[in-house]
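Please look through the structure below with this note beside you.

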Amino acid sequence: MTYFKLFTNCIVSKGIARSLICDLQRQSSTLIPNDLVAIITELDSATSVEDLFRQYGAENRETISEYLAYLTENEYGFYCESLEEFNRFPPMSTAFSGSGKITNAVIEVSEDMERNLGTILEQLNGLRCTSLVLMFYRPMDIDGLQSVLERFDGTEISSVEIVTAYHEAVGADFLKNLNARLTPLTSILFYNAPFDRTDPWDRNIYFDVRFSRSNIHSFKHCGIVSAAYFDTNFPKVLEAMNHNSCLHKKIGIDIHGNIKNCPAMETSFGNIRETKLAEALEHPGFKQYWGLTKDDIAVCRDCEYRYICTDCRAYTGRTHIDTGGLDTSKPLKCGYDPYTNEWAEWSVHPLRQEAIRYYGLEELVRNNE
Amino acid sequence: MILIFSEVNDLSTLAVAGYLDDYGVPYTVVLKTDTLRYTDADKGTLYIGENKICLKDIHAVWFRRGKFFIRSNAFKDRELDLYLYENNVIIEDYVNYKLEQVKSIGSAAGLHVNKLIVLEKAKACGLTVPDYCLEHDFQQQDATYIVKGVNGNTHFNSDQLRIILPVVKLNDSHSSGLSFFQRYTEKKYELRIFYLHGRFWSMAIFSQNDPQTTTDFRKYNKERPNRNIPYTLPTAIEAKLTCLMESLSLNTGSIDMIVTPSLEHVFLEVNPVGQFGMVSLPCNYNLEKEIADFLKS
Amino acid sequence: MNKAEQIRELARLHKDQLPLNFQFMEIIELEAERKKLTYTGKSLLSARHPFHIQVKKPCKALIRIL
Ligand code: SF4
């Protein structure tokens with residue numbers, strides 16, 4: 001008897017109309033029909049290939065052969081010679097692990113806060129946050145940026161991304177100066193720029209540089225769901241299977257210094273002027289969304305992209321609330337329909353207009369048109 | 001207090017330290033570049049640069065990379081240096097011996113193993129090993145043989161050069177200095193196994209599809225990386241490997257095996273300070289946490 | 001004769017003392033190798049730990065504004 005095993009680091013994410021193989025090792029995902037999922041499930045439950053052909057009958061023989069050829073050619077699976085061999089390949093654990101009380105932070109840095117950034121960074125470092133985004137809704141000169149980045153000396157923060165307004169002085173020399181010291185800066189986005197361009201990091205400039213014509217004046221711009229943000233990689237997918245893919249181990253500080261799950265969320269757990277980040281973290285509500293996965297969210301639970309997609313709890317369709325009072329509605333800014341497999345512009349959907357008004361996103365939507 | 005001997009660039013140590021931080025368990029990392037001293041004060045005190053730790057406060061030791069050693073200031077005189085060295089070795093051995101009295105991962109003595117002794121002991125424990133011999137002259141055989149360095153090193157550096165000693169499949173007769181010849185074993189997949197105090201975490205590496213990697217998977221193919229997935233060893237093989245590890249007095253190590261097309265498990269080698277990250281990450285075993293938990297408890 | 005040739009010559013002369021795999025050795029210049037392998041990212045030494053912190057972007061986008 002021959003058995004067929006899907007490589008256990010390829011995870012099938014079953015959608016209502018079609019499915020996805022998330023290849024965690026090769027960091028890519030492929031769409032597959034649900035017929036194939038049925039066959040994979042059958043084979044994975046230790047049905048031999050011979051029995052499978054028998055079950056599906058002569059009329060499906062060719063299709064099944066094609067499917068098996070597809071899986072082997074793309075190295076999604078392999079044949080086992082016996083049940084004994086088949087059973088030696090246990091499923092891979094899908095547990096998510098990793099140390100640190102907080103792993104990522106998003107801070108809207110007001111001018112006032114800029115002066116006290118040191119104490120915030122010290123606290124984040126203590127929680128062993130390793131990645132953060134600093135949003136400056138204003139132009140920053142080279143001295144300003146350098147002095148911000150100097151505050152990271154001696155921390156274990158390994159990635160800093162900066163968003164700031166474009167201004168005349170931003171050019172090759174500006175970036176060279178910014179690169180002169182080794183800092184954890186990994187990307188800088190200049191909005192309100194006269195052009196759109198992305199320069200990935202290289203041997204001369206050790207961080208990505210992006211220019212965008214958009215005018216990022218508030219955090220209302222965040223929460224976009226698009227295929228461009230889909231990402232298949234080990235930690236990302238495992239985190240999405242076990243936790244909220246956006247908010248887990250995240251902390252946000254808004255422009256007023258309010259400590260939140262993300263700057264765009266409504267609930268505040270204190271203000272940095274009087275509350276320590278570690279205290280806010282202990283607030284009973286702080287982690288309420290950390291365990292909410294896409295499997296708990298309306299529509300998303302039927303979507304094949306749910307483990308490679310990143311969630312948004314700040315802007316949702318406001319259609320579903322669970323028994324614990326958590327918002328389990330689909331992200332507002334997603335235009336994908338898993339029932340028809342079609343993408344549409346999210347902002348024009350008639351049922352979303354109320355939510356758009358609720359969040360005060362009308363202006364942003366108009367500007368995008 | 002947990003004592004960890006390691007190196008500055010070791011990501012696995014960093015990952016384990018992250019969990020120890022989560023647990024709030026104190027630990028000290030000793031690097032090969034640190035200056036170490038020992039005195040009998042307080043029933044044994046270790047000095048690491050400016051820091052001092054009493055041996056009685058240490059409840060676990062991880063010999064990740066390196067061990068207690070005394071950097072001696074050379075007299076530039078052969079006899080004097082030799083005298084000092086011999087003197088220091090006794091102190092080093094003694095301190096390491098004392099460190100090994102608590103719960104430990106790895107050991108000072110077990111940093112190196114003798115491949116030839118390992119193979120003999122593996123056979124004695126009932127493991128299948130490829131036929132091998134130490135010879136000067138190689139006569140062409142019916143079976144394919146490979147020749148490789150007996151110390152397991154595939155390269156070494158000299159000045160600005162790297163000398164690579166590839167594993168070679170032999171087709172004709174050769175004569176040379178004493179060499180290690182091993183019968184080439186066909187494989188369905190390779191196994192990389194991490195062993196820690198009686199437990200096994202195994203990974204199967206499917207490399208046969210790719211001619212680039214048929215003899216050595218470390219020659220990495222970035223375009224289409226080999227498939228690496230979790231594997232469960234048959235209990236009989238686990239028992240034999242445990243026998244081997246115990247006979248080598250190793251409480252940890254990374255073991256290489258081959259599964260042949262006829263599904264036989266063939267033992268190749270054991271590395272007492274093997275990388276477990278390369279098993280842990282692809283299989284999501286989270287061995288970094290297992291190690292932190294072991295050291296903490 | 002450069003260093004690599006010297007080594008090859010030595011290996012030839014002492015063929016009967018060196019293991020057979022020396023007859024198949026490859027010699028590469030480390031400088032070239034190092035250039036090829038250099039991680040163009042950066043690593044910073046942590047103040048609290050005696051470790052290098054590898055600077056790299058997180059595995060998921062922290063914000064999605066564009
Ligand atoms: S429905 Fe949209 S938001 Fe939900 S998982 Fe699918 S793509 Fe992501």
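1. Which residue takes a positive phi in the hairpin of E17(B) and E18(B)? In that hairpin, which has five residues between the strands, Leu263(B) is the residue with a positive phi, near 70°. Strands here, like helices, are DSSP runs numbered from the N terminus, a helix (H or I) having at least four residues and a strand (E) at least two.

2. Before going further, please note that this is a predicted model, in which local features need pLDDT of at least 70 and side-chain atom pairs count only at pLDDT 80 or more, while totals for chains, interfaces and linings use all residues. Residues are numbered from 1 along each chain as its sequence is written, chains are lettered from A and ligands numbered from 1 in the order in which they are written, and side-chain values use heavy atoms, with hydrogens and water left out.

3. Strand E17 of chain B, residues 252-259, has eight of its eight residues buried, so the strand is largely enclosed by the rest of the structure; buried means under 20% relative accessible area, exposed means over 50%, and partly exposed lies in between, with a 1.4 Å probe and protein chains only. In a regular strand the side chains alternate between the two faces of the sheet. Both faces of E17(B) are covered, with Thr252(B), Ser254(B), Asp256(B) and Ile258(B) buried on one side and Gly253(B), Ile255(B), Met257(B) and Val259(B) buried on the other.

4. The partners of E17(B) deserve a look as well, two strands being paired if DSSP finds at least two bridges between them. Strand E14 of chain B (residues 189-196) runs antiparallel to E17(B) and is joined to it by eight bridges, with Ile193(B) opposite Ile255(B). Strand E18 of chain B (residues 265-271) is also antiparallel to E17(B), through six bridges, and here Val259(B) stands opposite His265(B).

5. Another part of chain B holds an open sheet of four strands in the order E8-E13-E9-E12, with antiparallel pairing. Strands E8 (132-138) and E12 (168-170) stand at its edges, each with a single partner strand, so one side of each is left without a neighbour in the sheet. Strand E9 (residues 145-148) of chain B pairs with E12(B) over three bridges, where Ile146(B) stands opposite Lys169(B).

6. Lys169(B) also lies over the face of Tyr184(B), at 4.1 Å from the ring centre, and in chain A Lys5(A) lies over the face of Phe86(A), at 4.0 Å. A charge sits over a ring if NZ of Lys or CZ of Arg is within 6 Å of the ring centre and within 35 degrees of the ring normal.

7. Over all chains, a search of the whole structure finds 36 aromatic pairs; rings of Phe, Tyr and Trp (its six-membered ring) pair if their centres lie within 6.5 Å, and planes under 30 degrees apart count as stacked, over 60 as edge-to-face and the rest as tilted. One of these is the edge-to-face pair of Tyr166(A) and Phe211(A), at 6.1 Å centre to centre with 70° between the planes. Phe211(A) is buried, at 7% relative accessible area, and also forms a tilted pair with Phe195(A), at 4.8 Å and 50°.
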